Amino acid sequence: MPNEHGSGAPLPSYSDAYLKRILTETKTIAAVGVSRNEIRPSHYVARYLKTKGFTVIPVNPTQAGETVFGETILSEMSEIPADRDPIDMVDVFRNSEAAGQVVDDALEALLERGLRTIWMQIGVINHEAAARAEAKGVQVVMNRCPKIEYQRLFGELRIGGFNTGQISSRLR
Amino acid sequence: MSDEAKTYGFDTLQLHAGAQPDPATGARQTPIYQNTAYVFRDADHAAALFNLQELGFIYSRLGNPTVAVLQERVATLEGGVGAVACASGHAAQVMALFPLMGPGDNFVASSRLYGGSINQFGHAFKHFGWEVRFVDTEDPDAVKAAIDGKTKAVFCESIANPGGYISDLKALAGIAHDAGVPLLVDNTSATPYLCRPLEHGADIVIHSTTKYLCGNATSMGGMVVDKGTFDWGASGRFPNMTEPEASYHGLKFFETFGNLAFTFYSIAITLRDIGMCQAPMNAFQTLLGIETLSLRMDKHCENALKVAQHLEQHSAVEYVSYAGLESSPYYSRVAEYCPKGASSIFTFGVKGGYDACVKLVDSVELFSHLANLGDARSLIIHSASTTHRQLTPEQQSAAGAGPEVVRLSIGLETAEDLIADLDQALAKAVG
């Protein structure tokens, strides 16, 4: 079945273990395209990740210099100060087409600064850009939300009846 | 680090999925949270919950800790990403279709369905402006021909009630997906122990949990499970999933929640606004039932096969319609879709027709004459004079519920006792 992302390629799928490993090994996230508008996912997803202990660095050239959840919004990933390294992950809150440039900018600016993962949000799929990242040894997630996956894989979504895959008789 | 996920067997999951020790008390059995509303931490927390930016308990119409355990249990056993519980199987059918349908839309359904579903689809759904198109799902061309630009789903039962028929799920999934619509499968009669439709191409699974899942005939309940792989954005057919939702500041469910969009919609819109929530006590009883599901289903199937084989040789019986018998035209589908067994509901034709059937149900001692299935006790009903009474003779026959047809739901008793009871009752009925 063709999908709205044009290529006719199947929607990407990832194992729970792959996503869980990424969310466990990631400490610092550059959130590209973050919004100050509180009802946009690019705002509350980034805010949520910060409440879970991730360091979230907002990047958005159209809102550069403004402040969002206590962080100054930067214009470019290359402006991230060296004392924030390593930058483990770039979370892409842009459309599928624009994601290509974001990926190239990330590889340019952050490959030598610890970049391990490029994560594209729900609806964002760019297979060509993903291939360029993977060719440099950077793992890729597309068409997923790290907030939803974190809630699912670490048990929070349990309260909504989602399949968390967590089986345990230990008290937590 | 290995990315291999730990996997568990069905028997483990039916006990443990969704049910870690209660985080508040350490209680090992899932507590009954008989409670309507939940305190917010502060105003920001409340706002985030109401905006769907955070997930948490607000009000038991939308979610309840006991019901949530049941939801995750069934989602896990079916292999879905999420499940939403509701008050009954009938409510589950509304819940499954509500995110997909609008006035003027239609869905294509198998003509081999539970009689109550045929009534609900054919009559009650007209009040929503929903049209059902019944087709013989053995005819792929008829299914294809029934689908048009306003079709939003294809619907069937895995092992059909009143029994004897198993849908060709892979073929139906192929037809539905070629047309850009999901396949919805009622898996009530099979349960996820015998059949997992999501592994055969289905997109949404529906249950009346009242039946085998609960297993003791104590509690009404329904469930809708989403596989989470259907691309709601591909066809433009599903505006509820893809267009801005006015009651949530223009939030788009598929854009925001991706593969969880259907489940989030079911909670945030269907449960919120239609309100067919499941009672916590019922969820608790159903969880108790599911703890022994595999053990019970094996025994149900074993007993059903013994009784069916006996009846097939009986002089007062015209035929037995049970997919587990080698004589069934659908016997090969047991191996493909439900290799552990064909469940325990089936029908048989009584020589002497309508009158003999009525005499038969009035003559049994051990079998209970009632309108239900999937009880631990064995049940008998003459569909044409009860569950399928509202249907036309043509609809009755199409549904496998003609005047000479008696339906059994075989329970967990000693098989020889069930056979003896049927023998004595058949002797009185047919003489």
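The radius of gyration used in these legends is taken over C-alpha atoms, and the globule rule sets it at 2.2 Å times the number of residues to the power 0.38. This is a predicted model, in which local features need pLDDT of at least 70, side-chain atom pairs count only at pLDDT 80 or more, and totals for chains, interfaces and linings use all residues. Residues are numbered from 1 along each chain as its sequence is written, while chains are lettered from A and ligands numbered from 1 in the order in which they are written.

**View 1. Chain B as a whole matches the globule rule.** A compact globule of 431 residues would have a radius of gyration near 22 Å, and chain B agrees with its 22 Å. Along the principal axes, its C-alpha atoms fill a box of roughly 75 × 55 × 45 Å. Chain B holds 17 helices and 14 strands; here helices (H or I, at least four residues) and strands (E, at least two) are DSSP runs, numbered from the N terminus. Buried residues make up 54% of the 431 residues of chain B, a residue being buried if 20 or more other C-beta atoms, placed from the backbone, lie within 10 Å of its own. Take contacts in chain B between residues at least 6 apart in sequence: 72% of them join residues at least 24 apart. Two residues are in contact if their C-beta atoms, placed from the backbone, lie within 7 Å.

**View 2. A mixed sheet in chain B carries a helix.** Follow the 7 strands of this open sheet in the order β1-β9-β8-β7-β4-β2-β3 of chain B; two strands pair if DSSP finds at least two bridges between them. At the edges stand β1 (82-86) and β3 (131-135) of chain B, each with a single partner strand, so one side of each has no neighbour in the sheet. From one strand to the next, the twist averages 20°. Strands β8 (residues 204-208) and β9 (residues 222-226) of chain B run antiparallel and are joined by 5 bridges, with I204(B) opposite D226(B). Helix α3 (residues 65-78) of chain B packs on the sheet and touches β1, β8 and β9 of chain B. The direction of α3(B) makes about 130° with that of β1(B), where axes are lines fitted to C-alpha atoms, for helices over the stretch in contact, and angles run from 0 to 180 degrees between N-to-C directions.

**View 3. Chain B meets chain A.** The contact draws 44 residues from chain B and 36 residues from chain A. Elements giving two or more residues to the chain B side include α1 (10-16), β1 and α11 (261-273) of chain B. Helix α3(B) provides the largest share of that side, 6 residues.

**View 4. A parallel sheet lies in chain A.** Its 5 strands form an open sheet in the order β2-β1-β5-β6-β7 of chain A. Strands β2 (55-59) and β7 (139-141) of chain A are at the edges, each pairing on one side only. The twist from one strand to the next averages 20°. Parallel strands β5 (residues 89-92) and β6 (residues 117-120) of chain A are joined by 4 bridges, and M89(A) stands opposite T117(A).

**View 5. Chain A seen whole.** Chain A has 5 helices and 7 strands, running α-β-α-β-β-β-β-α-β-α-β-α from the N terminus. Its radius of gyration is 16 Å, close to the 16 Å from the globule rule for 172 residues, so chain A is as compact as a globular protein of that length. Of the 172 residues in chain A, 47% are buried.

Note on methods
A residue is buried if 20 or more other C-beta atoms lie within 10 Å of its own, exposed if 12 or fewer, and partly exposed in between; C-beta atoms are placed from the backbone.
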